[in-house]
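Notebook open, structure about to go up on the screen. I'll jot down what I look up as I go.

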Amino acid sequence: MAHISVETRIEATTQQVWDAIKSIGDHVEWMADAEEIRFLSDQHSGVGTTFECDTRVGPLTTTDVMRITAWEPGNRMGVEHIGLVTGRGDFFLTDNADGSTTFTWDEELTFPWFLGGPVGEFFGKPILRFV
């Protein structure tokens, strides 16, 4: 299992950042590896929302099936990967004293054998951190 944790500071309030990330369909605009999102559930936000995400990292492409597992406006969005790549992840938003937000992406993923399994996880980790 590959554990990825990335943090960045954003010059906006947590509410402004939440407003930008709460539209799951728009994640393709700011996530470098996401190419297209198709909803599989009638709902498009909140816990239980299920969708497919066409993902490209370098020459590798896959369609990742995901389900939203946590929805805490202004604070946290959790996701479960239930397709070929499995695992769980969270986006966390933290207020900073200067009005900015710390955005943390924390994820644990397991890759299938044809994407290299544990070897793919080892080599994929730095690439996913970069993405």
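What pLDDT does the protein average, and what share of the residues score at least 70? This is a predicted model, so that is where I started. I found an average pLDDT of 84 for the protein, with 84% of the residues scoring at least 70.

**Entry 1**

I looked up confidence by element next. Helix α1 (residues 14-21) has the highest confidence, with a mean of 96. Helix α2 (residues 117-130) has the lowest, with a mean of 41. Over residues 116-131 the pLDDT is below 50, though this stretch still has 24 contacts in the model beyond near neighbours in sequence. Where pLDDT is low, the predicted coordinates should not be read in detail. I'm leaving that end alone.

**Entry 1: the overall layout**

I counted elements: two helices and seven strands. Going along the sequence, I wrote down β-α-β-β-β-β-β-β-α. The protein has 131 residues, and 39% of them are buried. I also noted an accessible surface of about 7300 Å², with 56% of it belonging to carbon and sulfur atoms. Of the contacts between residues at least 6 apart in sequence, 41% join residues at least 24 apart.

**Entry 2: following the strands**

I walked from β2 to β6, pair by pair.

- β2 (34-39) and β3 (50-57) run antiparallel and are joined by five bridges. I37 has C53 in β3 as its bridge partner.
- β3 and β4 are antiparallel too, with eight bridges. Here T55 stands opposite T62 in β4. Their hairpin has two residues between the strands, and G58 in it takes a positive phi near 60 degrees.
- β4 (residues 60-72) and β5 (residues 76-82) pair antiparallel over six bridges. W71 is opposite M77 in β5. This hairpin has three residues between the strands, and G74 takes a positive phi near 80 degrees.
- β5 and β6 run antiparallel with seven bridges, and they form a hairpin with three residues between them. M77 turns up again, with F91 as its bridge partner in β6.

**Entry 3: the nonpolar core**

Which residues have the most contacts inside the largest nonpolar core? I got I21, F51 and F103, in a core of 22 residues. The elements giving two or more residues to this core are β1 (2-10), α1, β2, β3, β4, β5, β6 and β7 (101-110).

I then clicked on F51 to see what it touches. Leaving out residues up to four places away in sequence, the list includes I24, I37, F39, L40, V65, M66 and I68. R38 and D64 are on the list as well.

Is D90 buried or exposed? D90 is in strand β6 (residues 86-95). Its relative accessibility is 16%, and the cut-off for buried is under 20%, so D90 counts as buried.

Next I asked what sits around D90. Its side chain makes a polar contact of 2.8 Å with the side chain of R76. Beyond its neighbours within four places in sequence, D90 is in contact with R76, M77, G78, T104, W105 and D106.

Notes: Residues numbered from 1 in each chain as written. Heavy atoms only, no water. Helix = DSSP H or I, 4+ residues; strand = E, 2+ residues; numbered from the N terminus. Buried < 20%, exposed > 50% of the residue type's maximum accessible area, 1.4 Å probe, protein only. Contact = heavy atoms within 4.5 Å. Areas by Shrake-Rupley, 256 points an atom, 1.4 Å probe, with all protein chains shown as cover. Polar contact = N/O pair within 3.5 Å; in protein donor to acceptor, adjacent residues only side chain to side chain. Pairing = 2+ DSSP bridges. pLDDT = per-residue confidence, 0-100. Core = buried A, V, L, I, M, F, W, Y, C linked by side-chain atoms within 4.5 Å.
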